[in-house]
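Biologist: I would like to go through this model with you. Could we begin with a single position and then turn to the contact between the chains?

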There are 2 protein chains.
Amino acid sequence: MSIQERATQAKQAQIRCASLSTAAKNTALEAIAAALLEHRHKIESANQSDITRAEQQQLEAPLLKRLKFQGEKIDQACQGVRGVAGQSDPVGVVLSGRELDEGLRLFQVTCPIGVIGMIFESRPDALVQMAALSLKSGNAVLLKGGREALETNRVLAEIIAAATEAAGIPAGWIQLIETREDVKTLLGLDRHIDLLIPRGSNQFVRYIMDNTNIPVLGHADGVTHLYVHSRADIPMAVELADDSKNQYVAVCNALETLLVDASVAGDFLPPLKERMDARGTELRGCERTRAYIEVKPAQPEDWSAEYLDKILAVKIVDGLDAAIEHINTYGSGHTDAIVTADQQAAEQFMNLVDSADVFWNASTRFSDGFRFGLGAEVGISTNKIHARGPVGLEGLVIYKWRLYGSGQKAADYSGPNARTFLHRSLNLEEPGEENG
Amino acid sequence: MSIQERATQAKQAQIRCASLSTAAKNTALEAIAAALLEHRHKIESANQSDITRAEQQQLEAPLLKRLKFQGEKIDQACQGVRGVAGQSDPVGVVLSGRELDEGLRLFQVTCPIGVIGMIFESRPDALVQMAALSLKSGNAVLLKGGREALETNRVLAEIIAAATEAAGIPAGWIQLIETREDVKTLLGLDRHIDLLIPRGSNQFVRYIMDNTNIPVLGHADGVTHLYVHSRADIPMAVELADDSKNQYVAVCNALETLLVDASVAGDFLPPLKERMDARGTELRGCERTRAYIEVKPAQPEDWSAEYLDKILAVKIVDGLDAAIEHINTYGSGHTDAIVTADQQAAEQFMNLVDSADVFWNASTRFSDGFRFGLGAEVGISTNKIHARGPVGLEGLVIYKWRLYGSGQKAADYSGPNARTFLHRSLNLEEPGEENG
């Protein structure tokens, strides 16, 4: 089947997924979890085959580690699926209700987006999570995993398709895509695919974003800043810089550039240097920074670098406005924080820094769906429309306008004897309950 | 200045527009209205010059009519601007609040999207309305109007820029773009422009959508359906078909294809034919339709035609599922309605028809921001993300996550002595009130 035919088949199934009950979807999620455990040996055998091939091809150790999907990892994936079953249904939520006139009532009700393309590198657990999130939100999904995990992904997709079909979910809602050529085709199907969610390296996500007209939910870069304001508590600033940078360096919400107010540079930079030395983290400073502490000189490209490593760029700035200007110029709109005891400065920072997550006196590492309490995370978005920052299940739905009438015509509301609209807000109830 | 420089200038102004108070924005809107009235003669003189040139170029009468911006039209535009001032501020609305832990509180707060490109054909009143909506929502705007209205648009943009700058709005928030070459450049500026809103013909909007990676809010086609179900009230069905088709044929929410359940075709089609004949509306029917009434045969292309004229395609279908299938295959996801006395059939129709607006026993012509009670309308969207159907001011905002902490580190919440997140929902209050 061509990718276009697969997308069409997915769409046909999705139409019927839109009206599945919450109970039917949760039963199917439980069936996925049960089937993964039941077929554990089949999964592990396919995964072992992928690993053996990857070892022969001398895949790097971190990639090999992420490729592994056996034992405890399978149990965790099942827990994840059951967690999605436990979340409230994002479909059918009444966002607003308005009585336009007597017997003419309008409801804005959430519904699935449609067909979602999820493209990810390496980790097979992502396939399970993405499938569970799509099912719960009534969407169909075209999944493309990493080439290294080909056999594992194939087995997982088969198990999920069979288990959900047996549980009454329309067949065809989940489709696996395997080749890079197919991804190219997929990027051109803007009349068939409603949303793309890529997960992987910056270059990978940037490639997707630059090569499609389909809306993309995600982020390419996480050039994250912490600004130490003139009224910062210095020990707190050292702690937050340390946690933001060093708690886990390989992730998008880890700190990359530290901005230091000129008025506190002398107090703050020496203890910062001491802490970073203790962590084995390299500092790269602007010329003014190097007047206080002995560090490597920062180059122009350091201001927009996402190191994902034990490296931190440090720049001295003259006040709040300069810090905001720097962040809005070099940042990636992901996560930026200020350390200060001055509420007015903090509010100004949070108002004017144009990023998804703006924090006051907290580590940048809190930028995360789980920490935010959103439940299972679809991804982190630096988009300026639809969904921004950590995105939960609600990022996979849109809404419809459902109008319940009794024969009303537009002509009744125009001309000399026009009726007037009431436009009265309704209590949010189940739409249609009183109709019929 | 290049388009890129203009976009950069607009962005710099927009950053500061994000924190404007509601009062400051409303004062500036009043200043626009006052300035338009004050400079009425200047506007009318520029507009007359555009009209004279258009007449010399033998522009068609409907286009000439839309180009005219004088007298009452200027008064109406001012009323429109004051109407936007009267709407509630879409910025700063707290969508959710959650206490992650003691002293660590998270708020999801609406904010402007950023820089919006608004591209429209002909009507100068659109420029005024678009500018007012952008200002109220804290966005900057790059405006490109029709070539015919060049002089009018230039005067209007100057008046609006001067009036708002005098009222304290950051200069540069409104930029006028004049040439087609500049539009091409603009479509490529996906790192500078956050959203495009095109208004004009299908071909025009489709061109924009197909030639940019920037998100586009709008709709190309309005292939609108009415389905007369087996349990339809026949006189009501005739009235709704008449109103949906004939009340105003030149608009996107006007009916284009009528689907008739086979079981009521004999009762419904003769009175429908009589009514459409009286209106001078041409019917084009499928073969089965032509067994009941004498009409032109429909060709395959009629099922996806948006006539915007006194023409209606008619097709007999076998039941609800076939109607839904037809609409999801040939429709444009804009507005589709069912006439029936059967609530279950209506709910099924509204669940499974994948369109922005799904109506039961009401004219398709209600698909409109004013009729929906949304206030000033940004446009009607057939997007599957962000905003769908008629879009009001809330379509011009997104949100930020604002985290208010007191020195919390991510490391405190991991490892053997990890703190547990509270994730307690907060009453929605102004963020930060209790911080400081």
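Biologist: Is Gly146(A) buried or exposed, and why?

Modeller: The model is predicted. In it, Gly146(A) is buried, because 22 other C-beta atoms lie within 10 Å and 20 or more count as buried.

Biologist: Where is Gly146(A) in chain A?

Modeller: Gly146(A) belongs to the loop between β4 (140-144) and α7 (150-166) of chain A.

Biologist: How far apart are Gly146(A) and Thr22(A)?

Modeller: The C-alpha atoms of the two are 31 Å apart in space, and the residues are 124 apart in sequence.

Biologist: Turning to the core, which residues touch the most other members of the largest nonpolar core?

Modeller: That core has 266 residues, and those touching the most other members are Ile32(A), Leu143(A), Ile32(B) and Leu143(B).

Biologist: What is Leu143(B) in contact with, leaving aside its neighbours within four places in sequence?

Modeller: Its contacts include Met118(B), Leu127(B), Met130(B), Ala157(B) and Ile174(B).

Biologist: Now the interface. How many residues of chain B are in contact with chain A?

Modeller: On chain B there are 63, in contact with 63 residues of chain A.

Biologist: Which element gives the most to that side of chain B?

Modeller: It is β16(B), with eleven residues. By type, the side of chain B that touches chain A has 28 nonpolar, 20 polar and 15 charged residues.

Biologist: And which strand of chain B is joined to β16 of chain A?

Modeller: Strand β16 (residues 397-408) of chain A is joined by five bridges to β13(B), and the two run parallel. Within that pairing, Phe359(B) in β13(B) is opposite Leu403(A).

Key:
Residues are numbered from 1 along each chain as its sequence is written. Chains are lettered from A and ligands numbered from 1 in the order in which they are written. This is a predicted model: local features need pLDDT of at least 70, side-chain atom pairs count only at pLDDT 80 or more; totals for chains, interfaces and linings use all residues. A nonpolar core is a set of buried Ala, Val, Leu, Ile, Met, Phe, Trp, Tyr and Cys residues joined through C-beta atoms within 7 Å. A residue is buried if 20 or more other C-beta atoms lie within 10 Å of its own, exposed if 12 or fewer, and partly exposed in between; C-beta atoms are placed from the backbone. Two residues are in contact if their C-beta atoms, placed from the backbone, lie within 7 Å. Helices (H or I, at least four residues) and strands (E, at least two) are DSSP runs, numbered from the N terminus. Ala, Val, Leu, Ile, Met, Phe, Trp, Tyr, Cys and Pro count as nonpolar, Asp, Glu, Lys and Arg as charged, and the others, Gly among them, as polar. Two strands pair if DSSP finds at least two bridges between them.
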